[in-house]
Amino acid sequence: MKKIIMAAIILCMLCCLGCGESRKEEGKRKVGEFTLDINKIKANKVMAELWNYIERRDVASIMGMISEKTKQEMEDCEGKVIELLDAFEDGEIIEVVNGDGGGALRSSEYGKTTRYRVLGSYRIKTKKGVYKLNFGYVITNKTNPEEVGLDRIFLRPDDKGDYDGCGRYDICVYPFEE
């Protein structure tokens, strides 16, 4: 009798595990300990904060979002932030292109997350035309805390095609061709 009860308990446990797996929704694939939905929420939260500062033309607050490493590596960081703000002219976000960070980038050391970064991509409509704004934001980095914050922002005309030129630790604004 004990063997039958034990077998029934094991069978129930296996069924419960299987049911839990089959109930996972499409598009919620795990990436490390973070789901893609969490990455999207985090990228959109970064964008909401950045957008608030852009609308207020708050250079100091945007500088506060940028990682210390980026500020050290980038030439004329504050000047590039001002150039970024000048490109907007009454802009509005018209579409989230990839607010889930492409699955978020993370690296592990012995199974523990040491670095977690999200990427965001948004279409922005301005008086000049439609831009695509992309950014990288390091949320945590246990081995290099100076990398936490924005490590790149690039703004380019939406019809310019794929990413070109702007490297890590940079802010780039590509002008519309006259």
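Buried means under 20% relative accessible area, exposed means over 50%, and partly exposed lies in between. The exercises below concern a predicted model.

**Exercise 1.** Determine whether Asp58 is buried or exposed, and state where Asp58 is found.

*Solution.* 
Step 1. Asp58 is located in the loop between H2 and H3.
Step 2. The relative accessibility of Asp58 is 18%.
Step 3. The cut-off for a buried residue is under 20%. Asp58 therefore counts as buried.

**Exercise 2.** Identify the residues that Asp58 meets through a salt bridge, a polar contact and other contacts.

*Solution.* 
Step 1. Side chains of opposite charge can pair when their charged atoms come close.
Step 2. The side chain of Asp58 forms a salt bridge with that of Arg56, at 2.7 Å from N to O.
Step 3. Arg56, at a relative accessible area of 47%, is partly exposed, whereas Asp58 is buried.
Step 4. The side chain of Asp58 is also joined to that of Ser61 by a polar contact of 2.7 Å.
Step 5. When neighbours within four places in sequence are left aside, Asp58 is in contact with Tyr53 and Leu85.

**Exercise 3.** Describe the salt bridge between Arg57 and Asp86, and state which parts of the chain the pair links.

*Solution.* 
Step 1. The side chains of Arg57 and Asp86 meet in a salt bridge of 2.8 Å, N to O.
Step 2. This pair links distant parts of the chain, as the two residues are 29 residues apart. Arg57 belongs to the loop between helix H2 (36-56) and helix H3 (59-65), and Asp86 to helix H5 (residues 77-86).
Step 3. Arg57 has a relative accessible area of 44% and is partly exposed. Asp86, at 40%, is likewise partly exposed.

**Exercise 4.** Describe the salt bridge of Lys71 and Glu68, and state how many residues apart the two lie.

*Solution.* 
Step 1. The closest N and O atoms of Lys71 and Glu68 are 3.3 Å apart. The cut-off for a salt bridge is 4 Å.
Step 2. Both residues lie in helix H4 (residues 68-73), three residues apart, which is about one turn of the helix.
Step 3. Lys71 is partly exposed at 26% relative accessible area, and Glu68 is partly exposed at 44%.
Step 4. By the salt-bridge rule, the count comes to five.

Note on methods
Residues numbered from 1 in each chain as written. Predicted model: local features only at pLDDT ≥ 70, side-chain atom pairs only at ≥ 80, totals over all residues. Heavy atoms only, no water. Buried < 20%, exposed > 50% of the residue type's maximum accessible area, 1.4 Å probe, protein only. Helix = DSSP H or I, 4+ residues; strand = E, 2+ residues; numbered from the N terminus. Polar contact = N/O pair within 3.5 Å; in protein donor to acceptor, adjacent residues only side chain to side chain. Contact = heavy atoms within 4.5 Å.
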